[in-house]
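Morning, everyone. Please have the sequence and the model open while I talk. I'll start with a term, then go from the whole chain to single residues.

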Amino acid sequence: MYKSDIEIAKEASMLPIKDIAAKLNLNEDDLEFYGKYKAKISDDYFKRIEENKDGKLILVTAINPTPAGEGKTTTTVGLGQAFGKLGKKAIIALREPSLGPCFGVKGGAAGGGMAQVVPMEDLNLHFTGDFHAITAANNLLAALLDNHIQQGNELNIDTRQIVWKRCLDMNDRVLRNTVVGLGNKMDGVVREDHFVITVASEIMAVLCLAQDMTDLKKRLGQVIVAYDYSGKPVTAEGLRAVGAMAALLKDAMKPNLVQTLENTPALIHGGPFANIAHGCNSVRATKLALKMADYCITEAGFGADLGAQKFFDIKCRQAGFSPAAVVLVATVRALKYNGGVKKTDLKEENLEALKKGISNLAKHIENLKLYGTPVIVTLNSFVTDTKAEIDFIADYCRKHGCEFALSRVWEHGGEGGVELAEKVLEILENKESDFSLLYESELSLKEKINTIAVKIYGASGITFTDGAAKQLDRLEGLGYGKLPVCMAKTPYSLSDNPELLGRPADFTINVREAYVSAGAGFVVALTGTIMTMPGLPKEPAAFLIDVDDNGEIVGLF
């Protein structure tokens, strides 16, 4: 019987974080300690190593997620541990988990099995307070907005065109649509309001894309909260909110240093969702990792159609990153699920279903090759996988000009990732990345959306609701047409319909709404029924979480 993730994490032999830092030539003055096993890295250290040569950037992504699980974070952590086994200086750069999925259906996001980041409970819960700071900054802006209207509305804000929403890092469906200002005259102006989950908020994206404090304040100032009666944008700068918001975010801007089960250094910072936002950890953490080590292993959220596409076309475009290689994670179980097998039957060998479902993997390989970066497919091993199934996938990858490696990091930690690590190192030594973006900034917003839909999703075309078409035209007129597009789409299918598995064909992508995140520097296009405030399932993971008589958290996974 295998131990649970939290049981394994509690048995970990963690080193004091100052000892992890020492491996990277950081001293105690470079750290701001949050207990014994967590620390933030000071701005002074960041400035001191700015001239260091960059290491190699390795992105880990995956096929479309399924209920069977793919283990993208587990693979990322295990690969970092495997680099350590091979004597290589590597750092993992990951997102911080959101409380919403942790108490909802998805569970935590610290890896799994013998490939985890620790302290696992801290990471999945309050950690160093970054998300609380982001939530506070977001809601301070909302409070200043409503107070401005209450105090005379000097900026002539049209209360019918308020676009700024409050946020909360929890799945709470009843807050999607609310009414505020009820009561007497001093309780504010009555209007409809909305909440988004913190990881979908623009402040999260701003923090993750900002290069430094100067850039952060510039981006905060550009955030659009509403439009006035003449149709002009009203910004956070216009509300004089920037300084106070920056003060709340000052410490949250600093990347967090922790470790894996095998004491590999890990920078955990920022956490935008990939189905709604751009799905990558912070630019600051990634840049820091590249300066501190020879290899930075990072991941992008959900499948490659969302996470990797946004990593390339938004994060790399804005930060100037050039990835050296991409690791594409798949599992036998998930591919069989894409081939039509029910979740209850995934343990049984089924080569016919595998042959159908592997079309999903094939499309992601094709997509990643569009960016000119070498691709390595890794199969995250489960004990129920058969030799015939593994051999079929390995042969398929090789026939399609793609490197392949088996990963057993969940069961064996770094040792189980050595085959993958050696394959990645071989690629880095022998193949040059010819990285390029999917589209040029000069394309119109509608052309960018069409390019993503047709080239990445495999759609036959796109449709726009009348409202979305008008919104996009308006954004072009306001000067936001050169920004990249952040597609909000279901992660479970290449299409905008989560029921269409495998590699769907002859479908269109319907854009129902569009808005600009001017501070983050992208335009969001909402498709299908995607929600910016998720809800809890009938049996949320929160039911299983408790604290025992010894004060230990149990049930967290």
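First, the term. Helices and strands here are DSSP runs, numbered from the N terminus; a helix needs at least four residues and a strand at least two. With that in hand, find N25. N25 sits in the loop between α2, residues 17–23, and β1, residues 31–33.

One caution before we go on. This is a predicted model. Keep that in mind throughout.

Now the whole chain. There are 19 helices and 25 strands. How does the radius of gyration compare with that of a compact globule? For 557 residues, a compact globule would have a value near 24 Å; the chain has 23 Å, so the two agree. Along the principal axes, the C-alpha atoms fill a box of roughly 70 × 60 × 50 Å.

Of the 557 residues, 58% count as buried. The accessible surface is about 22200 Å², and carbon and sulfur atoms make up 50% of that. Look at contacts too. Take those between residues at least 6 apart in sequence: 75% of them join residues at least 24 apart.

Charges, quickly. The chain has 62 positive and 70 negative charges, and their mean positions are 3 Å apart.

Now the backbone. Most residues other than glycine have a negative phi, and most peptide bonds are trans. So which places stand out here? Go back to N25. Its phi is positive, near 65°. Is N25 buried or exposed? Exposed counts as over 50%, and N25 has 60% relative accessibility, so N25 is exposed.

Next, F127. Phi of F127 is also positive, near 50°. F127 lies in the loop between α6 and α7, and α7 covers residues 130–150. Buried means under 20%, and F127 has a relative accessible area of 10%, so F127 is buried.

Then a peptide bond. Which residues does the cis peptide bond join? It joins V118 and P119, with omega about 5°. P119 is in the loop between β6, residues 115–118, and α6, residues 120–124.

Last stop: D5. D5 lies in helix α1, residues 5–10. Its relative accessible area is 18%, under the 20% cut-off, so D5 is buried. What is D5 in contact with, leaving aside neighbours within four places in sequence? The answer is G111, G112, G113, Q116, M120 and W410.

Technical notes:
Residues are numbered from 1 along each chain as its sequence is written. This is a predicted model: local features need pLDDT of at least 70, side-chain atom pairs count only at pLDDT 80 or more; totals for chains, interfaces and linings use all residues. Side-chain values use heavy atoms; hydrogens and water are left out. The radius of gyration is taken over C-alpha atoms; the globule rule is 2.2 Å times the number of residues to the power 0.38. Buried means under 20% relative accessible area, exposed over 50%, partly exposed in between (1.4 Å probe, protein chains only). Contact means heavy atoms within 4.5 Å. Accessible areas come from the Shrake-Rupley method with a 1.4 Å probe; for residues, only the protein chains shown count as cover. Lys and Arg count as positive and Asp and Glu as negative; His and the chain ends are not counted. The place of a charge is taken as NZ of Lys, CZ of Arg, CG of Asp or CD of Glu.
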